[in-house]
Amino acid sequence: MQSRVFVINKHGKALMPCKPRKARILLRDGKAKVLKKEPFTIQLLYGSTGYKQDVSLGIDSGQRHIGLAVTSQDKVLFQSEVELRQDVKKLLDARRTYRRSRRNRKTRYRKARFLNRIAKKKDNWLPPSVLSKVNHNINWIKRLLSVLPKADLHIEVGKFDLQKMKNPAINGEGYQTVKQFVLARDNYTCQVCKKKGGKLKIHHIIYRSLGGTNTVDNLITVCSNCHTTKNHQTGILAKWCKDKKKVNKSYKGAAFMNILRRRLFTAFPQAKFQYGAWTTLQRADLDLTKSHYNDAVAISGIRKIKEKPTSIMMFKQFRKKKRSLHEATARKGRKTPNITSKRNAKNTKYAKGFWLNDYVKIKDSNKKGYISGFMSKGTNVRLRDIFGEYVSNNDKSYTSTKNISLINHSNNWQKQAIAEKQYIMG
């Protein structure tokens, strides 16, 4: 299929893509202007009327990747894949550790406040790491709907019964509170001293601070005599749990999809929802390989494909700011102790006319990449492609700022059109 140029009308709504030859004529005659270079998009400068084809938008929602596809009749007009950040929880945990360690040191710091956590959380509150992913799923759908003229929205969601996944034989009375289930399973007996009765507590085999979960296979019954602080740290309970410790299967992905499903129902009541089993059948009928963007194509409701782009638009979230005042481990290359760092001078964000995460091209070559860091006071830069690999015109991992030219400025998102064969091989 010949490459296409995306066209936006005078009012910011998307039109049918055109061929490069048509785009060159419109630009030459002054009837359009260049809006974006990646992907190449033009905007008409005159009012456009005429027949508009029906457009369908397919969304493969997810925790790590989001598949996007726009189809019309028997043509796939746009296919894309979005990769979300997975390091939010880890960074929040690191920040909490730094703050707690500062409060325990004898340093000048704010006075202790014991009543600053009385505000009640909202009923629809979500942890920041989960909320970030949910909002990005919703925002990417809204972003596409804002430019597509009355698109027919199709979304794939997931619905999982976590109790059935843990125990396929569960039914009836098996669906009960976790605490009562653990007590009944252990026959109301302390699993450490084997004494029955008394005041019983529920204990985590793998501590929550070490990544343990609240699933029943990570919980045991212990008595109040064994469930002490000393036993937690170095006593019989710590030794017993060390011997019994095992790696539990994580169901965080399934739990996230259940949360996301309910949020999407509320945000897009007009959408048509379906589940993964139907998507698998539809993808097989279209003879498409397994991928998030191909799932989105199948979800859109297209019955037959005559034209399909040979490239995929990849989007990847990029962490640009680092505002922590303290680091437990000094970064590689630091020549002075990290005791006088200023929040706004933590990282070099701008040098020699370039910003961090700018999309640039190496002169006298076809190599392109994103600025991931500055070296030698901005004289040299490190370039990476969307897959995280270094881009350079020599054996070194860096390139001089004199040998690069700006394509476009990027903030917190990296985008790159890649061939479908390159994506499959990668």
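Is Gln282 buried, partly exposed or exposed? Gln282 is partly exposed, with a relative accessible area of 21%, where buried means under 20%, exposed means over 50% and partly exposed lies in between (1.4 Å probe, protein chains only). The model is predicted, so that local features need pLDDT of at least 70 and side-chain atom pairs count only at pLDDT 80 or more, while totals for chains, interfaces and linings use all residues. Residues are numbered from 1 along each chain as its sequence is written, and side-chain values use heavy atoms, with hydrogens and water left out.

**The chain as a whole**

- The chain holds eleven helices and 19 strands, which are DSSP runs numbered from the N terminus (helices H or I, at least four residues; strands E, at least two).
- Of the 426 residues in the chain, 38% are buried.
- The accessible surface of the chain is about 27,100 Å², with 52% of it belonging to carbon and sulfur atoms.
- Among contacts (heavy atoms within 4.5 Å) between residues at least 6 apart in sequence, 60% join residues at least 24 apart.

**Helices H3 and H8**

- Helix H3 (residues 128–145) packs with helix H8 (residues 252–267) at an angle of about 40 degrees, and their axes are 10 Å apart; axes are lines fitted to C-alpha atoms, for helices over the stretch in contact, and angles run from 0 to 180 degrees between N-to-C directions.
- That angle makes H3 oblique to H8, given that under 35 degrees counts as roughly parallel, over 145 as roughly antiparallel, 65 to 115 as roughly perpendicular and the rest as oblique.
- On the H3 side, the residues that meet H8 include Val130, Lys133 and Ile141, and their partners in H8 include Phe256, Arg263 and Ala267.
- By class, this contact of H3 with H8 has nine nonpolar, one polar and two charged residues, where Ala, Val, Leu, Ile, Met, Phe, Trp, Tyr, Cys and Pro count as nonpolar, Asp, Glu, Lys and Arg as charged, and the others, Gly among them, as polar.

**Helices H9 and H10, and Gln282**

- Helix H9 (residues 276–285) and helix H10 (residues 292–299) pack at about 90 degrees with axes 9 Å apart, which makes H9 roughly perpendicular to H10.
- Thr279, Gln282 and Arg283 in H9 meet Asn294, Asp295, Ala298 and Ile299 in H10, and the residues of this contact divide into two nonpolar, three polar and two charged.
- Gln282, which lies in helix H9, is in contact with Gln274, Ala298 and Ile299 when its neighbours within four places in sequence are left aside.
- The C-alpha atoms of Gln282 and Arg303 are separated by 8.4 Å, and these residues are 21 apart along the chain.

Conventions:
Accessible areas come from the Shrake-Rupley method with a 1.4 Å probe; for residues, only the protein chains shown count as cover.
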